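Work through the exercises below with the sequence and the model open. Try each task before you read its solution.

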Amino acid sequence: MKRVRAAAIVALLLLTGGIVMACEESLDGRVSVVGNEPFAYLALTTEEGRQVALAGEKAEELGAEYQGRWVRVYGSIEQEERGPGRPARFSVERFEAIEPPR
């Protein structure tokens with residue numbers, strides 16, 4: 001009985017881990033700092049003009065080394081857009097530099 005219960009728990013953990021991995025999104029855009037202190041934030045602006053605030057440890061690295069460059073970020077939306085001046089917040093798990101669109 002204990003083995004069956006342990007196997008069920010392991011299967012459940014693997015299944016939920018697969019669901020989380022499948023939810024990863026990617027966005028392409030240019031990295032920039034938007035706004036004035038104390039309300040400035042790091043943003044990614046897509047080719048269509050959509051702007052998302054970048055969050056997480058990888059976002060700090062983006063801000064330090066990739067401002068003004070085009071990147072592809074992978075992660076997930078932490079918070080949806082809440083109106084003008086309050087963009088969606090994207091949690092960056094990883095990123096890569098890309099060529100700008102033509």
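The model is predicted.

**Exercise 1. Surface and burial**

Solution: 
- Step 1. Turn to burial. Of the 102 residues in the protein chain, 26% are buried.
- Step 2. Check the contacts. Take those between residues at least 6 apart in sequence; 51% of them join residues at least 24 apart.

**Exercise 2. The fold**

Task: List the helices and strands in sequence order, then give the order of the strands in the barrel.

Solution: 
- Step 1. Count the elements. The protein chain has two helices and five strands.
- Step 2. Read along the sequence. The pattern is α-β-β-β-α-β-β.
- Step 3. Go around the barrel. The five strands close in the order E1-E2-E3-E5-E4, with mixed pairing. From one strand to the next, the twist averages 55 degrees.
- Step 4. Place the helix. H2 (residues 57-65) packs on the sheet and touches E1, E2, E3, E4 (70-79) and E5. The direction of H2 makes about 65 degrees with that of E5.

**Exercise 3. Parallel or antiparallel?**

Task: Assign a sense to the pairing of E3 with E5, of E1 with E4 and of E4 with E5.

Solution: 
- Step 1. Recall the rule. Strands of a sheet pair through backbone hydrogen bonds, either parallel or antiparallel.
- Step 2. E3 (residues 51-55) and E5 (residues 88-97) run parallel, joined by four bridges. In this pairing, Ala55 has Ser91 of E5 as its bridge partner.
- Step 3. E1 and E4 are antiparallel, over six bridges. Asp28 stands opposite Arg72 in E4.
- Step 4. E4 and E5 are antiparallel too, over eight bridges. Here Arg72 has Glu96 of E5 as its bridge partner.

**Exercise 4. Aromatic rings**

Task: Describe the geometry of the pair formed by Tyr66 and Phe95, then say what lies over the face of Tyr74.

Solution: 
- Step 1. A pair of aromatic rings is described by the distance of the centres and the angle of the planes.
- Step 2. The count comes to one aromatic pair. Tyr66 and Phe95 form this pair, 5.1 Å centre to centre, with 75 degrees between the planes.
- Step 3. Compare with the cut-off: planes over 60 degrees apart count as edge-to-face. The Tyr66 and Phe95 pair is therefore edge-to-face.
- Step 4. Trace the link. Tyr66 is in the loop between H2 and E4, Phe95 is in E5, and the two are 29 residues apart. Both Tyr66 and Phe95 are buried.
- Step 5. Finish with Tyr74. Arg94 lies over the face of Tyr74, at 3.9 Å from the ring centre.

Methods
Residues numbered from 1 in each chain as written. Predicted model: local features only at pLDDT ≥ 70, side-chain atom pairs only at ≥ 80, totals over all residues. Heavy atoms only, no water. Buried < 20%, exposed > 50% of the residue type's maximum accessible area, 1.4 Å probe, protein only. Contact = heavy atoms within 4.5 Å. Pairing = 2+ DSSP bridges. Axes fitted to C-alpha atoms, helices over the stretch in contact; angles between N-to-C directions. Phe/Tyr/Trp six-rings, centres within 6.5 Å; stacked < 30°, edge-to-face > 60°. Lys NZ or Arg CZ within 6 Å of the ring centre and 35° of its normal.
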